[in-house]
Amino acid sequence: MATTSQSFQRSPEGANSEFVPVARAENVMGLIGNTPLLEITKITAGLLRPGVRIFAKLEGFNPGGSVKDRPALKMIMEGLRKGELVPGKTIIDSTSGNTGIALAMLGAALGFPVELVMAANASRERKKIIQAFGAKIIYSDPLEGSDGAILLCRKIIERNPERYFKPDQYANENNPLAHFETTGPEIWRQTKGAVTHFIAGLGTGGTVMGTGRYLKMRNPAVKVIGVEPDDAMHGLEGLKHMASSIVPPIYHEEELDDKIQVSTEDAYEMVYALGQIEGVLVGQSSGAAMVAALKVARGLREGCVVTIFPDFGEKYLSTNLWIGWKSWTRDRLSHLLAKCKTESESVIT
Ligand SMILES: Cc1ncc(COP(=O)(O)O)c(C=O)c1O
């Protein structure tokens, strides 16, 4: 297994500017990004070699509550700059997730109406958050899932194309660009250029592509690793099982150094552990990212592993995630950690 020769202390030129949290902003757009890195120390205690550290970027601190604020802002700003989004138009997309919340928030802040097409069975919290921002929800057949929402959204636009602006996060290069311009530089600065491994869940692929490209540009030795569910039928909100999905045009798997599959069960267990042991309550995809980060970190002699926690956990309290949360106890952690150790042997580091 390959190991890194970089020391965590390494501090290349240009990487020294300090992280400055936003203390005051003119509007919510000014609050997007600059999220903190949290070192994960309690779950990992005694498991990692002394020169190995794991950090998670807490994207739940964005004003819309997720990593999706970054690409939503970039896609809307570019739409405005190019004259594709002008007063009188409505922002429309088919999403029940964090992108919908980000678009609803930004539409409110910028004075544009927002319509979101989503399957009628989307979680209660999401519907309410989106409506609280004043956006309109158009329901598609729950039996047709997200594909049904995509098709209905297309039909609505076809009927009246002049009325709408559709950001289209799966095909819009401004999605990865947002991460190239913000998430990547932030991680570089926050680790003082010491990051050796970047690990992120795969939804549209925007986070891993854009951040990975930036980090590799600064240091080609940085390993970029994607995380996906291990099965087409999964409960990892926000993530895609690529082999059974329509592959997003912005996603280029050949740019990744590795891809790690995580089961829904392991990701949920990690969410419970992060809440009860680390004191950080996150969503399912953060649990999956942490499982993958541990698998990588356990195989390293030294390194600085950075992963993304895309959102916090409170949006999922009405979902199946909460069922396990109630009965979970800390003694279950050792079982999960043992699994991460066995599997770390098969990960390219
Ligand atoms: C909770 C959550 N995790 C992970 C992701 C994946 O991010 P990306 O679309 O940048 O691949 C998303 C995307 O919607 C998400 O909502």
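1. Basis. The model is predicted, so local features need pLDDT of at least 70 and side-chain atom pairs count only at pLDDT 80 or more, while totals for chains, interfaces and linings use all residues. Residue numbers start from 1 along each chain as its sequence is written.

2. Domains. The protein chain is divided into domain 1 (28-66 + 175-344) and domain 2 (69-165), with bounds that come from an automatic or database domain assignment. Taken over C-alpha atoms, the centres of domain 1 and domain 2 are 26 Å apart. Their contact takes 24 residues from domain 1 and 16 residues from domain 2; two residues are in contact if their C-beta atoms, placed from the backbone, lie within 7 Å.

3. The domain 1 side. Helix α5 (residues 174-190) gives the largest share of the side of domain 1 that touches domain 2, six residues. Helices (H or I, at least four residues) and strands (E, at least two) are DSSP runs, numbered from the N terminus. By class, that side of domain 1 has eight nonpolar, 13 polar and three charged residues. Ala, Val, Leu, Ile, Met, Phe, Trp, Tyr, Cys and Pro count as nonpolar, Asp, Glu, Lys and Arg as charged, and the others, Gly among them, as polar.

4. Ligand shell. There are 19 residues around the ligand, of which G203, T207, G238, S285 and P310 come nearest; a residue is near a molecule or strand if its C-beta atom, placed from the backbone, lies within 6 Å of it. The elements that give two or more residues to this shell are α2 and α6 (206-218). Domain 1 and domain 2 each supply at least three residues to the shell. Its classes are three nonpolar, 13 polar and three charged.

5. Helices α1 and α2. Helix α1 (residues 69-81) packs on helix α2 (residues 98-110) at an angle of about 50°, with the axes 9 Å apart. Axes are lines fitted to C-alpha atoms, for helices over the stretch in contact, and angles run from 0 to 180 degrees between N-to-C directions. The angle makes α1 oblique to α2; under 35 degrees counts as roughly parallel, over 145 as roughly antiparallel, 65 to 115 as roughly perpendicular and the rest as oblique. D69, A72, L73 and I76 in α1 meet T99, A102, L103 and L106 in α2. The contact has six nonpolar, one polar and one charged residues.

6. Helices α7 and α9. The axes of helix α7 (residues 264-278) and helix α9 (residues 320-327) come within 10 Å and cross at roughly 55°, which makes α7 oblique to α9. Y268, V271 and Y272 in α7 meet L321, G324 and W325 in α9. Five of these residues are nonpolar, one is polar and none is charged.
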